[in-house]
Every structure is written in C-alpha cells, then in structure tokens.
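I opened my notebook today to look up a few things, one entry at a time. Come and read along with me.

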Amino acid sequence: MGSMDIRDLRARVENINALPTIPGVLKRLLGVIENPGVSLNEISNFISNDPALTTKVLKMVNSPIYGFPGRISSVNQAVILLGLNVVKGLLLGVSVFELMQKTMIGLWEHSLGCAIAARLIAEKKGLKEPEEASIDGLLHDIGKVLLILQFPEEYEEAMRDADIGNLSIYGAERAHFGTTHASVGSWMAQKWRFPQKLVDVIEYHHKPHLSKNAPVESAIVHLADILVRARGFGFAGDHTLMAVNPESWQMLDLSEADLRDILGALEESLEMTEELSL
Amino acid sequence: MPKIVPDKLEPGMKLLKPVKNRSGMVLLGEGTELTAELIERVRDMDADSISIQGISPPSTPKEEVLSALDRRFKSIEEEPYMGVIKRVLKEHIEGLYG
C-alpha cells in the first residue's frame, strides 16, 4: 500500500459513491449535497420524504449534541433554526452513523462526544454559532470512515500497527496510505461543498495551528478530541492520546474552572446520549 | 446510567426527562424535583424506569478508571498543559464517585 499514488488514492476516495457497500440513503444524500444550488427547501423535502431519516434528524436536534433539547418537533423548524450548512452536516452525520458502527466500534461515540465537547467549548468562548462547532466535532473523523470503506484491509492493518506499536492511528495511516484521515476527510468535505471552515477543521484538527480559515474552530475540535479521548469515551482507532497544541491551548485560554465546567456538562450529556441510538 | 426503577426513587431527586403517560402526554416536566406524593403517583403509573439527573454511580470501579487515565497520559504528561488537563480530569472523575 505504501506505494499507492496519492492522486490515485484521492480519485478512489472521491468515487466512494460507486461502492456497492454505500447505503442507498447516503448515496441519494450525497447527490443532493453535492449540488451547488441546493436549497433549504430541497433539503427539507429530502428529509421529510424519508420517515427513518426524519426520526434520526429530530432525535439528534433534540439531543444534547445541540443546545436546545426537547423543543424541535418538525423538520422544517429544525432546518430553519439550524441553517443549510448545519443541516447538511447533521444529515451526513446521521447517514454515516450505521457505517461508523459497522466499520469502527466506538467511532460514533467518539464523534458524538466530540460534537458535544466542541459545542461546550464554543459556548464557553462565546462563539456565535455553537451548533456549527457541534457539526465540526461530529464530522472531524469522517475521513476514517471513507478510508475504511475504500480500503478495509489496509485500514485494518494500520489499526493493528497502531495497536502493536502504540502509535497514533494518524501516524499509522500516514505510513500505510501516505496521507491521513484528516486530508481524506477534507477532500470530501470540499467535494460535498461544505463551508471552508469545516474543510479546515477536518484538515487541521491534529495541527490546528496551521489552519488559516478556522484557527479557533480547529483549536476547539482539537481540544474536544483530546478531552473525549482523555476521558476514555468511545474509540477512534488507537489507544494513544495526542498532546494539546500549545498555541491552540493558549488561544482558547480556558481557565481550570472553565475546563471543570466543560467536563461536568460533557459528562451529563454523554449519559443522556447513551440512549441516543439512531 | 441515569435510569432507575420507580421503587428506588427518593424525594429530592430531579427528573432528567419528562415522565409521560401511555399516550405521550407529559405528566411531570424535565427538571421536576420529586416529592413523596409525586413518587407515589409515578409508582402508580407502573413505568419500567425513570430518568433521574445526576445519579450515575459509575459502573466501573474508581481505581480502574483512574489507572486507565494514568495509562493514557503516561507518555505525554510532561508535554505543555497536559499536566493541567490530567489534574482537572482526575478531580472530575473523583467527583463522580462522591
């Protein structure tokens, strides 16, 4: 695998839609979100026409992932409240839920945990759109799902190497694929026409100091990732914890009291999400 | 898990989720503090379980959780700020066990 050309790899990942293992609803969704002119109305109809998807979306928006539990009763209301980009991200999140559960046990929990932690940090920092931080957290590891789908055996080997050598999965991916889930995820986020900030967060959540378009958001997801792993919640492909990037930590400038509040709120929300089986 | 059987309810506990009747009507809202009378009403409804705030006696022993924490931080504890994160996290975990 080490010899695979990066362009070839990218082309294969970008063609993920052609894989027979991609669920029909995800296939249709990708068709919708790749359309540059897609309107809120079309997205809303897409969800409403699929009762299972409707249930999942409403469960998510009424969960601790977002700040407003128990108040949203219709897809229209959710779409208006959250806006196009958040809804697109949310749809992608719920549509890969089953894939995540099948491909890497614990990755969904890790992603949910990061979504909540990122929102909590964003709220602490007074960001205007903490729901966007939720989506950043929910989708930051989407590249792992894409790599596993396209290269299941190679990815398994990378995970085994990480496990045996006590390496990060990030490092093991680089050794096996010449790239990482961060880049793979950001290629696809671009293809799916997600906002540049989300593309940046996915690309730089391991190196948040390099982000030009979303330094704060990348730092938030970077720290959320560390806190969720450090707490021992979920599984993201390895058993190593990365050290926080000092620049990002300083930029976020959280006090110990802030950190305590965030961990406390995270704990409560995680308890509630135990029941969030989509 | 924040859910407990109605028999274990005690006055002063707060509802994590609303208690609803079979047709889905909310009888007691989220956050309601339970009194002896309310608990009797809840028991009469023969619900399977009730979600309560804040009671989550963690199922894993504290020592086990803390030693897993030590293992996770072992190789990076000396990195900038990781000591602070670990200390706050440790205090947080100890707090969960009361």
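Which residues does B:K86 touch, not counting residues up to four places away in sequence? I looked, and B:K86 touches B:L69, B:D70, B:F73 and B:E77, where contact means heavy atoms within 4.5 Å.

**Ground rules**

I noted that this is a predicted model, in which local features need pLDDT of at least 70 and side-chain atom pairs count only at pLDDT 80 or more, while totals for chains, interfaces and linings use all residues. Residues are numbered from 1 along each chain as its sequence is written, chains are lettered from A and ligands numbered from 1 in the order in which they are written, and side-chain values use heavy atoms, with hydrogens and water left out.

**Entry: more on B:K86**

I placed B:K86 in helix α3 (residues 82-96) of chain B; helices (H or I, at least four residues) and strands (E, at least two) are DSSP runs, numbered from the N terminus. Is B:K86 buried or exposed? It counts as buried, at 9% relative accessibility; buried means under 20% relative accessible area, exposed over 50%, and partly exposed in between (1.4 Å probe, protein chains only).

I then checked the partners of B:K86. Its side chain makes a polar contact with the side chain of B:D70, at 2.5 Å. A polar contact is a pair of N or O atoms within 3.5 Å; within protein, one must be able to donate a hydrogen and the other to accept it, and residues adjacent in sequence count only if both atoms are side-chain atoms. The side chain of B:K86 also meets that of B:E77 in a salt bridge, 3.4 Å from N to O. A salt bridge is a side-chain nitrogen of Lys or Arg within 4 Å of a carboxyl oxygen of Asp or Glu. I found B:E77 partly exposed, with a relative accessible area of 30%.

**Entry: chain B as a whole**

I counted three helices and four strands in chain B. Read along the sequence, they give the pattern β-β-β-α-β-α-α. Chain B has 98 residues, of which 31% are buried. Among its contacts between residues at least 6 apart in sequence, 54% join residues at least 24 apart.

**Entry: where the chains meet**

In one of them, B:R87 and A:E256 meet through their side chains at 2.9 Å, N to O. Five residue pairs are in polar contact between chain A and chain B, both residues at pLDDT 80 or more.

**Entry: salt bridges elsewhere**

I reminded myself that side chains of opposite charge can pair when their charged atoms come close. The structure holds 17 salt bridges over all chains.

A:E267 and A:R231 form one of them, with the closest N and O atoms 2.8 Å apart. A:E267 lies in helix α16 of chain A and A:R231 in helix α14 of chain A, so this pair ties together parts that are 36 residues apart in sequence. I noted A:E267 as buried at 13% and A:R231 as buried at 16%.

A:R7 forms another with A:D5, at 3.5 Å between the closest N and O atoms. Here A:R7 is exposed, at 65% relative accessibility, and A:D5 is partly exposed, at 35%.

**Entry: aromatic rings**

How many aromatic pairs are there over all chains? My search found four. Rings of Phe, Tyr and Trp (its six-membered ring) pair if their centres lie within 6.5 Å; planes under 30 degrees apart count as stacked, over 60 as edge-to-face and the rest as tilted. Why is the pair of A:F151 and A:F177 tilted? Their ring centres are 5.6 Å apart and their planes are at 45°, so the pair is tilted. I saw that A:F151 is buried at 1% relative accessibility and A:F177 is buried at 0%. A:F151, A:Y155 and A:F177 form one aromatic cluster.
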